[in-house]
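Please look at the sequence and the structure below before reading on.

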Amino acid sequence: MQEILVCRDISKTYHDGAVDTAVLSDISFQVNAAEHIAILGSSGSGKSTLLHILGGLDSPTHGDVLFHGQSMFSLSASRLAALRNQHMGFIYQFHHLLAEFTALENVAMPCLIGGLRPTQAKQKASALLERVGLSHRLKHKPAALSGGERQRVAIARALVCEPALVLADEPTGNLDHQTGIQVYALLRELSHEFNTSFVVVTHDRELAAQMDRTLTIVDGQLTATSIGHEQ
Ligand SMILES: Nc1ncnc2c1ncn2[C@@H]1O[C@H](COP(=O)(O)OP(=O)(O)OP(=O)(O)O)[C@@H](O)[C@H]1O
């Protein structure tokens, strides 16, 4: 199976003045093409830290992350930013949409940053917003959307460049259970459609069980890997 991302012996210790906080210790695993992985763990166990490292948003104290065989942390800041823009999508618990832009503009943004012409970028964004059921909300700004709608815009934005990998941090954490299930189902459906690998941090074991694989972090270490339901 083709590997998209290899996480090799990752350790992370935060240094804050005289205080050292060891968070992750010797974490190794790989994400295969089109594979869906859930990362579980109690509050403070290091899930977000690991996700940030996988996405090149934070660097490990030791170890490396290889994306398509390329060491991410040996890249210059600009090449790492380009890799993130072209090959990765990010979804957070609180959507992180740009307040002053419409839904359409928010979704088109990664394509524009990637160098696509505005007309093409808007066409792609519009098509994806239609797929997530928001063709009637293209011109709405985030404040005029419901929580579930904002999260669907965030999903469209994460997938618009057809990334190899989407990283999501509690993407349904601020939604009611039923809306969370719907948003999650949409996320999985689109990831399958685009053949996108998907790593999600969640507290929700029920949702995690729907993924191909579950990794659990306890005291900074990966302690259990269980197979979820087959897709
Ligand atoms: N910049 C930082 N400096 C020092 N310690 C930090 C820093 N960022 C995170 N930590 C510590 O690292 C640990 C792991 O944090 P992280 O956010 O990765 O946990 P988490 O598993 O995602 O938690 P939650 O489920 O509550 O969001 C926490 O104990 C936190 O206090």
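## The shell around the ligand

Which element gives the most to the shell around the ligand? In this predicted model, helix H1 gives the most, with three residues. H1 spans residues 47–54, and along with strand E1 (3–16) and strand E2 (19–32) it is one of the elements that each supply at least two residues of the shell.

The residues that surround the ligand include Tyr 14, Asp 16, Thr 21 and Val 23, as well as Gly 44, Ser 45, Gly 46, Lys 47, Ser 48 and Thr 49. Sorted by class, the shell has eight polar, two nonpolar and two charged residues.

## Two packed helices

Helix H3, which covers residues 103–113, packs against helix H5, which covers residues 147–159, at an angle of about 25°, and their axes are 7 Å apart. Angles under 35 degrees count as roughly parallel, and H3 and H5 are therefore roughly parallel to each other. Their crossing is right-handed.

On the H3 side the contact is made by Ala 103, Asn 106, Val 107, Met 109 and Pro 110, while H5 brings Val 153, Ala 156 and Arg 157. By class, this contact of H3 with H5 has six nonpolar residues, one polar residue and one charged residue.

## Thr 102

Thr 102 is found in the loop between strand E6 (88–91) and H3. Is Thr 102 buried or exposed? Thr 102 counts as buried, because it has 20 C-beta neighbours inside 10 Å.

Leaving aside neighbours within four places in sequence, Thr 102 is in contact with Leu 138, Lys 139, His 140 and Lys 141. The C-alpha atoms of Thr 102 and Arg 188, which are 86 residues apart along the chain, are separated by 25 Å.

Key. Residues are numbered from 1 along each chain as its sequence is written. This is a predicted model: local features need pLDDT of at least 70, side-chain atom pairs count only at pLDDT 80 or more; totals for chains, interfaces and linings use all residues. A residue is near a molecule or strand if its C-beta atom, placed from the backbone, lies within 6 Å of it. Helices (H or I, at least four residues) and strands (E, at least two) are DSSP runs, numbered from the N terminus. Ala, Val, Leu, Ile, Met, Phe, Trp, Tyr, Cys and Pro count as nonpolar, Asp, Glu, Lys and Arg as charged, and the others, Gly among them, as polar. Axes are lines fitted to C-alpha atoms, for helices over the stretch in contact, and angles run from 0 to 180 degrees between N-to-C directions. Angles under 35 degrees count as roughly parallel, over 145 as roughly antiparallel, 65 to 115 as roughly perpendicular and the rest as oblique. A crossing is left-handed if the near helix is turned anticlockwise from the far one by less than a right angle, and right-handed if clockwise. Two residues are in contact if their C-beta atoms, placed from the backbone, lie within 7 Å. A residue is buried if 20 or more other C-beta atoms lie within 10 Å of its own, exposed if 12 or fewer, and partly exposed in between; C-beta atoms are placed from the backbone.
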